[in-house]
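Please keep the sequence and the model open while reading.

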Amino acid sequence: MTNLEARYDHVIIGGGVAADSAARAIRAASAEATIAILSADPHEPVYRPALSKDLWTGDDPDPASQDLHTAEETGASLFTSTLVTELLPNSHSVITARGNHTRFGKALLVTGSSARHFPDVHDDRVVCLRTVGDYRHLRGLAQEGARIVVVGGGYIGTEIAASLTRTGARVTLAHSGRHLLEHMFPASLTAHLEQTFAEHGVTVVPGFRLMGIATGQELALHAGAAESLHADAVVLGLGAELNTTLAEHGGLDLEHGAVVVDPYLRTSSPDVFAAGDVALFDDPLLGLRHVEHVDHAQASGAAAGKNMAGAEEVYEHTPLFFSDLFDDGYEAVGRLDASLEMREVWNQDRTATVVHYLEDGRVEGVLLWNTWDSVDRARDVIAASQNGDLAAEDLDGRITPG
């Protein structure tokens, strides 16, 4: 790692997938542009979804296999373990925690989000899974026979619990709801998932609202009047919080906790862009939203990089997200909100389904459960429904499950 120069054409703050995509887009547009990536993470950019997916279920558990080779392939100057503490849009400069200053022509905020921790618990056996360091640490804890409690029955909690079963650990999944992923899925799928988790040896504990963790020779998790759970390690899957402190202190416009961007991903300061988790963008199908998934990070990072390099391309992408849970997998577009009307279309042997999520008769999201190569059709369904060209009663034949 070289020393931080006094000025760069482009400064990217954050070291994830969006940063990698932006650097590649800038370099493709300009062979001469100077690029600095300032990342608080001590590790180089990796394909982060693999930390809870492929590294557990594939052939290679080494996170080096997921290295994006960003600096090597883009010529960007990568500064790891470099926390930016101040963004000064008016003076086109940033300040790091070590007191280093650098100026920029254009800057990009891709600071992402941070896992929610349980307050006042400081024990290295209580972990979240967001970084390569977290992954390596959890790998060390997940020994054969180790009692591991995953807290949280949402997207990340269920994914981690499923992955941990590959290690020989004894896995408990404790969550505050009645059913796994009940905020996203219809009852048919939540029941199937609970049966599947049980078949793979996971003990599912519903109605468990974590109140405290006592540390000692073993960890004891307390949930009010509920029976305590005992563990050798705990993984917290309690959701994430957007990292918008820099933007807020830098005077950028925020709404709904995210950084407001225009159609070109510029913030309220025209030489500062934002992409990935933190950007509140105008989805062409669903309106203003922020999305915390890798497809959006890749697409918006690339779009921001192009525009930083001089393009004027509108970001017009409706992102997808995906997951694998044992032998089941899904892709989805839009809002998966179980409080909406849900219309399910199953295949004949009920191994695959397409679920449409409707509000006021319009499709807001589509779940493709064990249904592949259909994301573009799902976007088409949402677009036609939002435009009033597709009635709810005509949905059944639009996407074939399976």
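## A residue pair in the sheet

Ala220 stands opposite His230 in β14. Strand β13, residues 219-223, pairs with β14 in the antiparallel sense over 4 bridges. Here strands (E, at least two residues) and helices (H or I, at least four) are DSSP runs, numbered from the N terminus, and two strands pair if DSSP finds at least two bridges between them. This is a predicted model, in which local features need pLDDT of at least 70 and side-chain atom pairs count only at pLDDT 80 or more, while totals for chains, interfaces and linings use all residues. Residues are numbered from 1 along each chain as its sequence is written, and side-chain values use heavy atoms, with hydrogens and water left out.

The two strands belong to an open sheet of 3 strands in the order β12-β13-β14, with antiparallel pairing. β12 (212-214) and β14 (226-231) are at the edges and have a single partner strand each, so one side of each lacks a neighbour in the sheet. On average, neighbouring strands of this sheet are turned by 25° against each other, direction ignored; the axes are lines fitted to C-alpha atoms, and angles between N-to-C directions run from 0 to 180 degrees.

## Aromatic pairs

The whole structure contains 8 aromatic pairs. Rings of Phe, Tyr and Trp (its six-membered ring) pair if their centres lie within 6.5 Å; planes under 30 degrees apart are stacked, over 60 edge-to-face, and the rest tilted. Trp56 and Tyr135 form an edge-to-face pair, 5.2 Å centre to centre with 80° between the planes. Trp56 is in helix α2 (residues 54-57) and Tyr135 in helix α4 (residues 132-141), so the pair links distant parts of the chain, 79 residues apart. Trp56 is buried at 6% relative accessible area, and Tyr135 is buried at 1%. Buried means under 20%, exposed over 50%, and partly exposed in between (1.4 Å probe, protein chains only).

Phe197 and Phe326 also form an edge-to-face pair, with 5.0 Å between centres and 80° between the planes. Phe197 lies in helix α6 (residues 187-199) and Phe326 in the loop between β22 (320-325) and β23 (328-334), so the pair ties together parts 129 residues apart in sequence. Phe197 is buried at 0% relative accessible area, and Phe326 counts as buried at 13%. One aromatic cluster is formed by Tyr155, Phe185, Phe321, Tyr330 and Trp369.

## Pocket and cavity

On a 1 Å grid over the protein atoms alone, a cavity is a set of points where a 1.4 Å probe fits but cannot get out; a pocket is an open set with protein on both sides within 12 Å along at least five of seven lines, and lining residues have an atom within 4 Å of a point. Grid points are joined across faces, edges and corners, and a volume is the space filled by probe spheres set on the points. The second largest pocket holds about 230 Å³ of space. Its lining has 17 residues, with Gly152, Gly153, His175, Ser176 and Leu238 nearest the centre. The lining divides into 6 nonpolar, 9 polar and 2 charged residues. Ala, Val, Leu, Ile, Met, Phe, Trp, Tyr, Cys and Pro count as nonpolar, Asp, Glu, Lys and Arg as charged, and the others, Gly among them, as polar.

The structure has 1 cavity of 30 Å³ or more. The largest cavity contains about 40 Å³ of space, and residues lining it include Gly15, Asp41, His43 and Arg48. Its lining comprises 3 nonpolar, 3 polar and 3 charged residues.
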